[in-house]
Structure formats: structure tokens, C-alpha cells
Amino acid sequence: MSSDRTPVYFLSHGGPNIIYDVDHPAYRKLQQIGKEITTKVTPKAVVVFSAHWQAGKAEIQVNTAETTDLIFDFYGFPSHYYKEKYPNTSSKEVAEKVMTSLSDAGIQVEGVKRGLDHGVWACFKCAFAPDENPLNVPIVQVSLFNTEDPNQHYRLGKAVSGLREENILIIVSGMAVHNLRDLGVSFGNPKPMPYTTSFDEALKDAVTVKPAEREQKLTKLLKRGDARQAHPTFDHLLPIHVGAGAAGNDFGKRLWTLQEGSMSWAQYRFGEVAGS
């Protein structure tokens, strides 16, 4: 690490098929990010927020189970997808730290037993392949709110930002652009939809401004004319609001992007890493 706190990463995670698509540029980029984390950041634990877990409108849930199964929260894929494994353990100590941080910030929080959804395990299998680049630290998943309120999610990130000073890494998982409805239109055509390009660049502009201006810029994103094309629902966008909130005064940087049909695979990091 370049400072006394860990960075924050936003990972565009794609569908579960990414774990088999080893020649896809996003697969290789996730591998690179994973290697950066295991060799340069070297956290003692990971706290992860995924687009695929919303709790209550005013309540957050934290997985407190030390061992859990994977959740196969997708449909219509070949049978072997539903037999996938990703070895992982959680940590009651870290889960309790998360819950205390949230409670101290005035956020209702509940501990639950829940598996990792594919917004975590699919991209983690690319970034932290068990045989090639194992993470080997506890993973604690935390929910989003069941709202589309960007400021509420920014505050959620702020509430857990102190964990970074304890060598706990925060990863938020979503997609920079995510329109499943237009997949049929764009399938087989790598050219991005017009809104994919425009929103992806607007997201970069919002994330990379001065930290004092970032929350306002990210909030305005949801009011853009192309926002509901890029994200018919905001569940895959809101994780970056959590990450930006957790980043505090650290600047955001787009590490890479790929605009592909109705999706963008942009990957971000807040804060610096020595040698990167």
C-alpha cells in the first residue's frame, strides 16, 4: 500500500459466463486487478458490496456466517454453472466491525446467514482464481439498501470507510453500464450502444473529479437523459456510490473500460497502490 489505508475497488462483474470466457479482455483485466490486490495491497480481509443483494429501505444486512454456500442467482445457463465452487470463509470479527461501524453511523443493521451471490463469486473466480492467485483472507458480504437513493448509498460507504485503516479492503461490485433488455439487440455486435458510450464517459467524469465534488456529480448521473437506458434499474450503478463514499478524500481513477453492446466493463480504483 502507498498509505496507511487500503484503496477501494469497483469491479464490473458481468454474468457468470465470464468465468469460462478466459479470452475475454474483462477476464484478463480482473486477473490483473486481483494480482495487484494479493501482491501489493495484501489486505487482512475483504468487505464486499454486490448489486445482487438489497436488504431493507432503511436497513442493511451483513453476512455473519463463517462458512456459506454459493448462491446461483441466475437462470437459463447450462447445468455445470450451478455446480461451481469458490472456496471462501468469512470472519465474525470483521462482520462485527462492519455492524458496529454502521450502527455508529446511525444505520439500522442486522446480521444474517447468507451465501455469496454471483456478483461476488463470479468476478472473484476471475480475480482470485483458487489455484493461481488465491485470496486467502476472509470475505464478508454486505447488502445495499433496497432503494435507488444515491446519497443514502454514499453515506453507507462513508460509514465503513474507517475499516480501510485496519487493512480491510472494500470492494464494490456492479456494472458501469448494464442493460439486459438490449442484450438481444446488441448480441453478436461488439459496437457499443450510443448510451453505453455516453454514460460510461459521464461516469468516468463523475468519479474522477475532486473528492469534494464527487457525491454531487455522482448524484446527478442518475438524472441524465441516458441514465435509464444505461441502467433500467440502478442496482448495478449504486455500488460505485458506496465505493466513492468509502473512498473519503482519495481520488478515483478508471483503470480500464470496454464498451460492449449494452454493457460497459469499466473498472475503478479509489486511492493509490505503490508501484501501480
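Predicted model: local features only at pLDDT ≥ 70, side-chain atom pairs only at ≥ 80, totals over all residues.
Residues are numbered from 1 along each chain as its sequence is written, and side-chain values use heavy atoms, with hydrogens and water left out.

Visitor: How many disulfides does a search of the whole structure find?
Guide: A disulfide is a pair of cysteine sulfur atoms within 2.5 Å. The sulfur of cysteine 126 is too far for a bond with the closest cysteine sulfur, in cysteine 123, because 7.2 Å lies between them. Across the whole structure, the number of disulfides found is zero.

Visitor: Is cysteine 126 buried or exposed?
Guide: Buried means under 20% relative accessible area, exposed over 50%, and partly exposed in between (1.4 Å probe, protein chains only). Cysteine 126 has a relative accessible area of 1%, so the residue is buried.

Visitor: How are α1 and α3 oriented to each other?
Guide: Helices are DSSP runs (H or I, at least four residues), as are strands (E, at least two), numbered from the N terminus. The axes, lines fitted to C-alpha atoms over the stretch in contact, with angles from 0 to 180 degrees between N-to-C directions, come within 7 Å for helix α1 (residues 25–41) and helix α3 (residues 118–127) and cross at roughly 75 degrees. Angles under 35 degrees count as roughly parallel, over 145 as roughly antiparallel, 65 to 115 as roughly perpendicular and the rest as oblique. The two helices, α1 and α3, are therefore roughly perpendicular.

Visitor: Which residues of α3 do residues in α1 meet?
Guide: Contact means heavy atoms within 4.5 Å. From α1, Tyr27, Leu30, Gln31, Gly34 and Lys35 take part, and their partners in α3 are Cys123, Cys126 and Ala127.

Visitor: Which residues of α7 are exposed?
Guide: In helix α7 (residues 211–221), Pro211, Arg214, Leu218, Thr219 and Leu221 are buried. They lie on the same side of α7 because their arc around the axis, taken from the directions from the helix axis to the C-beta atoms, covers only 150 degrees. On the other side of α7, the exposed residues are Ala212 and Gln216.

Visitor: How far apart in space are alanine 230 and leucine 258?
Guide: Alanine 230 lies in helix α8 and counts as buried, at 0% relative accessibility. In sequence, alanine 230 and leucine 258 are 28 residues apart. In space, C-alpha to C-alpha, their separation is 14 Å.
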